[in-house]
Each structure stands twice: as structure tokens, then as C-alpha cells.
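Here's a quick briefing to read with the model open in your viewer.

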Amino acid sequence: MSKTAAFSPACERNRKPILNELKTIVRPEDRILLEIGSGTGQHAAYMAPQLTNIFWYPTDMEDKIAGIEQWRQEANCERIQTSQVFRVGESNWPLQSDQADMVFTANTFHIMPADLVAQLIQQAGENMHKGSRFVVYGPFKYGGDFTSESNREFDRQLKATAEHQGIRDFEWIDGLFQQAGFRCLKDVSMPANNQLLAYVKTS
Ligand SMILES: C[S@@+](CC[C@H](N)C(=O)[O-])C[C@H]1O[C@@H](n2cnc3c(N)ncnc32)[C@H](O)[C@@H]1O
């Protein structure tokens, strides 16, 4: 990889366990996967070549687009689409309504302000078709408790960096998905005290 491209060591560690789970969720008839908050672009570059029926649409804020494009070019996979700006809370849904068979987002819910997390789930509910899936990877709290001391410390660091950041309550996220017409398919414990949540649109 080019020495100038942004690099996330965490992505290198978590990409394989995430891909293994995605392979159990993606259906043979699925085509379009929209990624929100692609970051460096490493997940797209690693996963899309191995999900052979999927056209991967990376998105993020303006400042991430050049970096995602570097990883996309390196991956040399024609099914990874040119990355687009999608700024939750400001942008319109980046695909046509009902086009996305899957949405995938990793490590974004504790970074975005809570009201934008809620807006994203609502927007997904308005724009995703029945049977489509929304997959979220990252840390969560359950019953108000952190799943590890390291997550408690991580939450403290997040809030010290920016007051609006923080590890979200699973029950709050689950309620938002239910209101938006989704049902929880899977809640899998992942390495490093993360979770992978998969929702299916039921209406
Ligand atoms: C911790 S990074 C995660 C990146 C990548 N998904 C990963 O797992 O390494 C959080 C990402 O969320 C993006 N983000 C934050 N607020 C956003 C918003 N309002 N709309 C879209 N993306 C946002 C950031 O630009 C950043 O790329």
C-alpha cells in the first residue's frame, strides 16, 4: 500500500472477524452494500473482493474521500464504487430509495452525536426495502453497563475528546431500529469487547 494512505491498525485486526460475520448475513441475491463512515477505506478494500456478489459503496465526510480512493485503487476491485460524501445529519440518502440491500457501518455510533445516530437509523428506515439488512460494528453498553473496564476507559477518553461522543446503550439503539421498522437478527460478541449487530427491515 502507498506510504501516504491513511492506515488504521484496528481495521487490520478486526477486518477478518467482521468479514466472517458479514458472510453469514449477506444473501446470494444481495447486490448493493452502502458503507457509512468508511474512514480509511480499508474495510471496503479488504471485504469487497471477498463478497463476490456485492457492489460496495463507500461514503464518509469530505476529508476522508481522498484516502478511501487510495485504498480503492489499491484494491483494484471493480465492484468497489467511487466513494461519495455522505454527512449524516446534512446529506440526503446517498443511493436511490430501496436500492441498498445492506448498510454496513463500523465504529461510527460512538463518534457521531447521539441525535445523528438516531437520524441515520430513521433515514435508513425510510430508504431501505423490506428484507434488507443494517449491520453495525462497535462497542455498546448493556443494561447501562460497559462490557469491559477497557470500554469504560474508552468511553471516558471519547467524552474527554468531544462531549457528544460516547459508547451507546444497546437498548436505545435497538429501540431506534424497531421504530424504524427493523428487527434484530444477530447480536454477536466480537474480539476486543466489540459487538456486531445485524438488523433486518421487516416492513
Ligand atoms: C472511528 S472512525 C471509523 C472508520 C471506519 N469505519 C473504521 O472502522 O475504521 C469514525 C468515522 O465516522 C465518520 N463520521 C463521523 N461523523 C460523521 C457524520 N456525521 N457523517 C458521516 N460520517 C461521519 C468519520 O469521518 C470517521 O471516518
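Let's start with strand 2, residues 55-60, which is mostly covered: 5 of its 6 residues are buried. Keep in mind that this is a predicted model.

**On the strand 1 side**
- Strand 2 pairs with strand 1 (residues 32-36) in the parallel sense, over 4 bridges.
- To get from strand 1 to strand 2, the chain passes through helix 2 (residues 42-47), and this β-α-β crossover is right-handed.

**On the strand 3 side**
- Strand 2 also pairs with strand 3 (residues 84-85), again in the parallel sense, here over 2 bridges.
- Across this pairing, Thr59 stands opposite Gln84 in strand 3.

**Around the ligand**
- The ligand has 18 residues surrounding it, and the closest are Gly37, Gly39, Val88, Ala106 and Asn107.
- Sorted by class, that shell holds 8 nonpolar, 7 polar and 3 charged residues.

**Helix 5**
- Helix 5 covers residues 149-161, which makes 13 residues.
- From first C-alpha to last, helix 5 reaches 19 Å, close to the 18 Å expected at 1.5 Å a residue.
- Is helix 5 largely covered or in the open? The number of buried residues among its 13 is 0, so helix 5 lies largely in the open.

Definitions and conventions
Residues are numbered from 1 along each chain as its sequence is written. This is a predicted model: local features need pLDDT of at least 70, side-chain atom pairs count only at pLDDT 80 or more; totals for chains, interfaces and linings use all residues. A residue is buried if 20 or more other C-beta atoms lie within 10 Å of its own, exposed if 12 or fewer, and partly exposed in between; C-beta atoms are placed from the backbone. Two strands pair if DSSP finds at least two bridges between them. A crossover is right-handed if, with the strands pointing away from the viewer, the path from the first strand over the helix to the second runs clockwise. A residue is near a molecule or strand if its C-beta atom, placed from the backbone, lies within 6 Å of it. Ala, Val, Leu, Ile, Met, Phe, Trp, Tyr, Cys and Pro count as nonpolar, Asp, Glu, Lys and Arg as charged, and the others, Gly among them, as polar. The expected span of a helix is 1.5 Å times one less than its number of residues.
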